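Colleague: I am new to this model and would like to learn how to read its features. Could we go through it together?

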Amino acid sequence: ERTALYYLCDEGGMQTVYACGADGQPADRLEETGIYVNLLPENDALRIKHGLVVNSPRELDLLLEDLGG
């Protein structure tokens, strides 16, 4: 299993992206996307609130594109 590269979560109601350390745990805050979690479809909002592990830059791009509308 690959180690997570990124972690998406809800921070103060905003979708936030973290870079993960070598242990796969969120380490450095990369960006606050400006996307309000409560404005997302319920399913997506729940996924973000639980925290989403992302394994590649491409996957991150696709996910942000998808969640950003």
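Modeller: We will take the sheet, then the helices, then the salt bridges.

Modeller: This is a predicted model, in which local features need pLDDT of at least 70 and side-chain atom pairs count only at pLDDT 80 or more, while totals for chains, interfaces and linings use all residues. Residues are numbered from 1 along each chain as its sequence is written, and side-chain values use heavy atoms, with hydrogens and water left out.

Colleague: In what order do the four strands form the open sheet?

Modeller: Strands are DSSP runs of E with at least two residues, helices are runs of H or I with at least four, and both are numbered from the N terminus; two strands pair if DSSP finds at least two bridges between them. Here the order is 3-2-1-4, with antiparallel pairing, and the edge strands are strand 3 (26-36) and strand 4 (52-54).

Colleague: Which strands does helix 1 touch?

Modeller: Contact means heavy atoms within 4.5 Å. Helix 1 (residues 42-50) packs on the sheet and touches strand 1 (6-11), strand 2 and strand 4.

Colleague: Which residue forms a salt bridge with Glu11?

Modeller: A salt bridge is a side-chain nitrogen of Lys or Arg within 4 Å of a carboxyl oxygen of Asp or Glu. The partner of Glu11 is Arg29, with the closest N and O atoms 2.5 Å apart; because Arg29 lies in strand 3 and Glu11 in strand 1, the pair ties together parts that are 18 residues apart in sequence. Arg29 also meets Glu32 in a salt bridge at 3.3 Å, N to O, and Glu11, Arg29 and Glu32 are linked in a network.

Methods. Axes fitted to C-alpha atoms, helices over the stretch in contact; angles between N-to-C directions.
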